[in-house]
Number of protein chains: 2
Amino acid sequence: MNATFGEYIRLLRTKHELTLTKLAAQLDLDSANLSKIENGKRDFDEKRLSKLAKIFKLDLKELRNEYVTDLIGKKIYETNCTKQLLQVAEKKAEYRRTLIEKVI
Amino acid sequence: MNATFGEYIRLLRTKHELTLTKLAAQLDLDSANLSKIENGKRDFDEKRLSKLAKIFKLDLKELRNEYVTDLIGKKIYETNCTKQLLQVAEKKAEYRRTLIEKVI
DNA sequence: ATAAGACTTGTCATTTTTTGACAAAAATAT
DNA sequence: ATATTTTTGTCAAAAAATGACAAGTCTTAT
């Protein structure tokens with residue numbers, strides 16, 4: 001999926017021919033705020049992922065992957081993180097994983 | 001650098017034989033909070049990067065790279081983002097870069 | 001043309017999260 | 001043992017995110 005998470009939601013919504021108001025209601029959200037989410041002016045709150053999955057009958061894990069990759073992709077973008085640096089970041093993530101083991 | 005940013009600061013500090021109190025003062029920070037930062041219980045605020053660079057005579061850009069990779073590494077860790085998903089995230093970052101071009 | 005519905009934008013109070021500051025306990029060094 | 005250093009807990013203040021509403025634009029049907 002080559003789109004922001006907001007664009008992805010809009011895609012799902014329009015494909016199902018739902019209005020902002022209709023979908024927002026199902027997500028327990030204001031339609032104005034859903035509009036902002038779709039337009040990348042607000043973030044989608046992780047706590048609503050399961051609702052979103054149910055509404056569009058999506059696999060929650062896959063949806064969460066979409067969400068997480070968007071989150072990190074956004075950070076990569078915001079910080080101007082190059083591919084090279086991203087590899088360093090990945091190493092550091094691995095390192096953090098080893099930290100926990102040490103505590104055990 | 002295979003360490004969290006907090007650990008990295010601690011490394012720098014001890015290498016220079018500074019106490020928490022001394023370094024904290026130079027960073028315009030409470031020593032108790034610097035302790036938390038070094039122990040990963042708080043985040044280092046980006047706005048102090050330049051001070052940190054000056055104190056230890058580090059290249060600000062390189063230091064910022066350390067900081068950014070820590071930031072993203074932490075996110076990768078927290079979200080359990082696999083290498084595969086990370087590639088997706090990278091694609092999404094690229095996509096975001098193209099979005100701006102479209103506006104121009 | 002205009003009325004209705006759909007979407008967008010701006011604002012603001014509330015909530016949540018982060019930060020700074022201080023006190024006191026724990027660990028370490030002298 | 002005392003002094004110094006470091007850690008931990010707490011809390012108020014600052015900052016950021018969120019929910020809600022009002023008013024705006026745009027689109028479509030009549």
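In this predicted model, a polar side-chain atom of B:Arg48 lies 2.9 Å from a phosphate oxygen of DNA strand C. Two or more residues of the surface near DNA strand C come from each of helix 1 (5–15) and helix 3 (31–38) of chain A and helix 3 (31–38) of chain B, helices being DSSP runs (H or I, at least four residues) numbered from the N terminus.

Local features need pLDDT of at least 70 and side-chain atom pairs pLDDT 80 or more, while totals for chains, interfaces and linings use all residues. Residues are numbered from 1 along each chain, chains are lettered from A in the order written, and side-chain values use heavy atoms, without hydrogens and water.

Turning to the protein–protein contact (heavy atoms within 4.5 Å), chain B and chain A contribute 35 residues each. About 3,500 Å² is buried between the two chains, with 65% from carbon and sulfur atoms; this is the accessible area (1.4 Å probe) lost on putting the parts together, summed over both. Within chain B, B:Tyr77, B:Lys92 and B:Arg96 lose the most area to chain A, together 20% of what that side buries.

Between the chains there are 6 salt bridges (a side-chain nitrogen of Lys or Arg within 4 Å of a carboxyl oxygen of Asp or Glu). One of them joins B:Arg96 to A:Asp70 at 3.0 Å, N to O. Helix 6 of chain B gives the most to the side touching chain A, with 15 residues.

Conventions
A polar contact is a pair of N or O atoms within 3.5 Å; within protein, one must be able to donate a hydrogen and the other to accept it, and residues adjacent in sequence count only if both atoms are side-chain atoms.
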